[in-house]
Amino acid sequence: MRIIFRRWTLVPFAAALFLAACGGNGSVTNGATSEAAPPPAETPQQTVPAPEKTGGFDGQRAFQHVADLVTIGPRTAGTDGNHRAQDYIISQLEGFGCPVDPEAFHTPTPIGDTEMKNIVVKIPGNSPDIVLFLTHYDTKRLPNFVGADDSGSSTGVALELARLLCPRKNALTMWIAFLDGEEAFNVEWHDPDNTYGSRELAARMAISGDLRRVKSVLLVDMIGSRDLRIKRDANSTSWLTDMIWSTASHLGYGDIFVSSSTAVEDDHIPFLRRSVPAVDIIDLEIPYWHTPQDTLDKLSPRSLAVVGHVLIAVVPQLEQKSARASAALLP
Ligand SMILES: [Zn+2]
């Protein structure tokens, strides 16, 4: 994924410092130039909340998934590590009793025709309306890059979400897609060398007719940082972003889901292009982004628990919105 630089972000450095010091909404940072943060320390803030306090979401379980994925090593699309990550995700999902649909495909890439696989959990609900959760599980093709935050953190959260949602009787149909090939094979992010998995999933769902049933897409990506700070994404659908940010605020996470915004290109774009409401929950402004320093010690189970809690808490609101829309269609 990448941040789209917009004109208003190109303010002079001194002004940026002023804005940062004043807690203003301006930002010139990206993953590589984020303002220097003090080294992380264990503070009471990073105590992991018990699952009873986070809608049943267990931050420690999510964190263990991240640790297991990091142990696999690099997981770039088409590699052995990627296949081992697929095996891990599928075996975990099957252990939770989830209906799992591995969707293999192959696609031209800068390194030649490459095999990829989206792993899609499809949990039936009382309503045909679909809430689609997304994460990617591949890692950037860089030397010694194990991607604890990118893409371990969101994959760990999505697995823990599956453990909670699969055995539940849900009002809405819930799909959780573990996407391959989000990362560009080349160093730079240029279309079409990115979002291979999400483009494939959106296209398949359009052909099958399932895409019409998708009322919201909730993408998580890079949400494990100890110093988590998630800005609103200007590309995301406003009402869905509002719903998530107000939920986070009510839960007391206003310091993490902050009100300033940026614009990100990521796996939600193929769905937005097909007019499906979508939101990207991402903290891309981390100093270790796409470096070998993206390791487990940079993450906090608390950050995973906070994001998981918000996702779980948003579900009843999406159910109510869907029920209201259905009622409005009644004669
Ligand atoms: Zn990445």
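Which residues does Ser127 touch, not counting residues up to four places away in sequence? The close-up views below start with that residue and then move on to other places. Everything here comes from a predicted model, in which local features need pLDDT of at least 70, side-chain atom pairs count only at pLDDT 80 or more, and totals for chains, interfaces and linings use all residues. Residues are numbered from 1 along each chain as its sequence is written, and side-chain values use heavy atoms, with hydrogens and water left out.

View 1. Ser127 belongs to strand S4, residues 125-136; strands (E, at least two residues) and helices (H or I, at least four) are DSSP runs, numbered from the N terminus. Ser127 touches Ala171, Leu172, Thr173 and Ser322, with residues up to four places away in sequence not counted; contact means heavy atoms within 4.5 Å. With 17% relative accessibility, Ser127 counts as buried (buried is under 20% relative accessible area, exposed over 50%, partly exposed in between, for a 1.4 Å probe and protein chains only). Look also for the backbone nitrogen of Asp129, which the side chain of Ser127 reaches at 3.0 Å.

**View 2. Thr114 in strand S3.** Here we visit Thr114, a residue of strand S3 (residues 112-123). Thr114 is buried, and its relative accessible area is 4%. Setting aside neighbours within four places in sequence, its contacts are Ala77, Gly78, Phe105, His106, Thr107, Thr109 and Phe185. The side chains of Thr114 and Thr109 are joined by a polar contact of 3.1 Å (a pair of N or O atoms within 3.5 Å; within protein, one must be able to donate a hydrogen and the other to accept it, and residues adjacent in sequence count only if both atoms are side-chain atoms). Thr79 is 35 residues from Thr114 along the chain, and their C-alpha atoms are separated by 9.4 Å.

**View 3. Helix H2 beside helix H3.** The axes of H2 and helix H3 (residues 80-95) come within 9 Å and cross at roughly 150 degrees; axes are lines fitted to C-alpha atoms, for helices over the stretch in contact, and angles run from 0 to 180 degrees between N-to-C directions. H2 and H3 are therefore roughly antiparallel to each other (angles over 145 degrees count as roughly antiparallel, under 35 as roughly parallel, 65 to 115 as roughly perpendicular and the rest as oblique). From H2, the contact draws on Gln64, His65, Asp68, Leu69 and Ile72, and from H3 on Gly81, Arg84, Ala85, Tyr88 and Gln92.

**View 4. Helix H2 against helix H4.** Helix H2 (residues 59-72) packs with H4 at an angle of about 135 degrees, their axes 8 Å apart. That makes H2 oblique to H4. Among the residues making the contact are His65 and Leu69 of H2, and Ser153 and Val157 of H4.

**View 5. Helix H4 meets helix H8.** For our last stop, the axes of helix H4 (residues 148-165) and helix H8 (residues 301-329) come within 10 Å, crossing at roughly 45 degrees. That makes H4 oblique to H8. On the H4 side you will find Ser153, Val157, Leu161, Leu164 and Leu165, while H8 brings Leu304, Gly308, Leu311 and Ile312.
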